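Q: Could you walk me through how to read the features of a model like this one?
A: Gladly; here it is.

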Amino acid sequence: MRIVLLGAPGSGKGTQSQRLVKAYGIPQISTGDLLREARAKGTELGLRAKAAMDAGKLVDDATVLGMIRERLSLPDAVNGFILDGFPRNIPQAQALEAMLADLREPLDAVVLLNLDLKVLFKRLTGRRICENCNRVFNIYTSLPGTLPHCDQCAGARLIQRDDDKEEVIGKRLDVYEAQTKPLISHYTAAGLLRTVDADADVETVFANIQRAIAK
Ligand code: AP5
């Protein structure tokens, strides 16, 4: 199964990808995670991406497409994948179509996680990440007793992503509106879009996604 999870920052793409990985045995390919990994390693690509990410803007298409091309060629992607945070604009979607056409492996579905702006804002300001294992928590919804340390990493600290600061969140949401939202019409026209209500608890949203994929 080859699917794209589409949605605004904080709509739950990462959270739901983790569940899909377990349920379908296919890898999550998150351009955000790949870029953060490159930054943490201090690679040239990571350094190039830093300024755009810190400003809440998109990293340039050439960098992201090079990264995706490399990732899709790894053996674990042969039976399918979940694209999380990619494509992010029309040129990226067109480049993905060309890549998958070469491989004769078209997308099966694009799942849009639909959510109110106010909820997005609260989810993003409340998100915390384990600095050791990158597990995602939320100060509003995680189980009491887990915060402010990761329950799996012997007390490692939970930190806030730089781009989850209030001043950057607004910019990321603007970028979503201007550059990513046009993908909704693009994938509707292609007959691939499945819209899912993402304003519910994690398990309910997951069930909504599974129903949408099965259609
Ligand atoms: P990226 O990492 O992709 O960020 P994003 O798309 O903004 O998405 P997020 O990771 O913020 O949110 P999410 O939808 O995964 O939500 P999550 O599950 O964590 O990109 C970061 C940056 O990298 C971009 O700004 C850009 O600079 C660059 N970049 C990445 N891809 C790019 C591309 N293709 N092209 C160019 N540049 C690119 O959930 C959020 C919070 O809500 C968590 O705390 C979670 O616990 C909580 N939560 C989730 N679901 C629920 C629920 N159902 N109920 C209650 N709480 C929930």
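**Reading the ligand site, the strands and the salt bridges**

Q: Which residues come nearest to the ligand?
A: A residue is near a molecule if one of its heavy atoms lies within 4 Å of it. Here, of the 35 residues around the ligand, the nearest are Thr 15, Lys 57, Arg 127, Arg 172 and Ala 200. This is a predicted model in which local features need pLDDT of at least 70, side-chain atom pairs count only at pLDDT 80 or more, and totals for chains, interfaces and linings use all residues. Residues are numbered from 1 along each chain as its sequence is written, and side-chain values use heavy atoms, with hydrogens and water left out.

Q: Which helices and strands each supply at least two residues of the shell around the ligand?
A: Helices (H or I, at least four residues) and strands (E, at least two) are DSSP runs, numbered from the N terminus. Helix H1 (13-24), helix H2 (31-41), helix H6 (117-126), strand S6 (136-138) and helix H9 (202-214) each supply at least two shell residues. H2 gives the most, with 4 residues.

Q: How do the shell residues divide into nonpolar, polar and charged?
A: Sort by residue type: Ala, Val, Leu, Ile, Met, Phe, Trp, Tyr, Cys and Pro count as nonpolar, Asp, Glu, Lys and Arg as charged, and the others, Gly among them, as polar. The shell around the ligand holds 14 nonpolar, 11 polar and 10 charged residues.

Q: How far is an oxygen atom of the ligand from an N or O atom in the side chains of Thr 15, Arg 88 and Arg 127?
A: A polar contact is a pair of N or O atoms within 3.5 Å; within protein, one must be able to donate a hydrogen and the other to accept it, and residues adjacent in sequence count only if both atoms are side-chain atoms. For the side chain of Thr 15, the distance to a ligand oxygen is 2.5 Å. For Arg 88 it is 2.9 Å. For Arg 127 it is 2.6 Å. The protein covers 94% of the 1,000 Å² of accessible area that the ligand has on its own. Such areas come from the Shrake-Rupley method with a 1.4 Å probe; for residues, only the protein chains shown count as cover.

Q: Why is strand S4 largely enclosed by the rest of the structure?
A: Start with burial: buried means under 20% relative accessible area, exposed over 50%, partly exposed in between (1.4 Å probe, protein chains only). In S4 (residues 109-114), 5 of the 6 residues are buried, so the strand is largely enclosed.

Q: Which strands pair with S4?
A: Two strands pair if DSSP finds at least two bridges between them. Strand S1 (residues 2-7) runs parallel to S4, joined by 5 bridges. There, Val 4 stands opposite Val 110. Strand S8 (residues 193-197) also pairs with S4 in the parallel sense, over 5 bridges. Leu 112 has Thr 195 in S8 as its bridge partner.

Q: What should I check in the backbone?
A: Most residues other than glycine have a negative phi, and most peptide bonds are trans. In this model, a cis peptide bond joins Phe 86 and Pro 87, with omega about -5°. Pro 87 lies in the loop between strand S3 (81-84) and helix H5 (90-103). Arg 104 is not a glycine, yet has a positive phi of about 55°. Arg 104 sits in the loop between H5 and S4 and is exposed, at 74% relative accessible area. Asn 134 has a positive phi too, near 70°. Asn 134 lies in the loop between strand S5 (127-130) and S6 and is exposed, at 55%.

Q: How many salt bridges does the count come to?
A: A salt bridge is a side-chain nitrogen of Lys or Arg within 4 Å of a carboxyl oxygen of Asp or Glu. The count comes to 15. One of them joins Arg 48 and Glu 44 (3.3 Å, N to O). Both lie in helix H3 (residues 44-54), 4 residues apart, about one turn of the helix. Arg 48 is partly exposed, at 46%, and Glu 44 is exposed, at 61%.

Q: Which residues do salt bridges with shared partners join into one network?
A: Take the pairs one by one. Asp 164 and Arg 127 meet at 2.8 Å, N to O. Asp 164 lies in the loop between strand S7 (158-159) and helix H7 (166-180) and Arg 127 in strand S5, so the pair ties together parts 37 residues apart in sequence. Asp 164 is buried, at 0%, and Arg 127 is buried, at 14%. Arg 172 forms a salt bridge with Asp 163, with closest N and O atoms 3.7 Å apart. Arg 172 and Asp 163 are both buried. Shared partners join Arg 127, Arg 161, Asp 163, Asp 164 and Arg 172 into one network.
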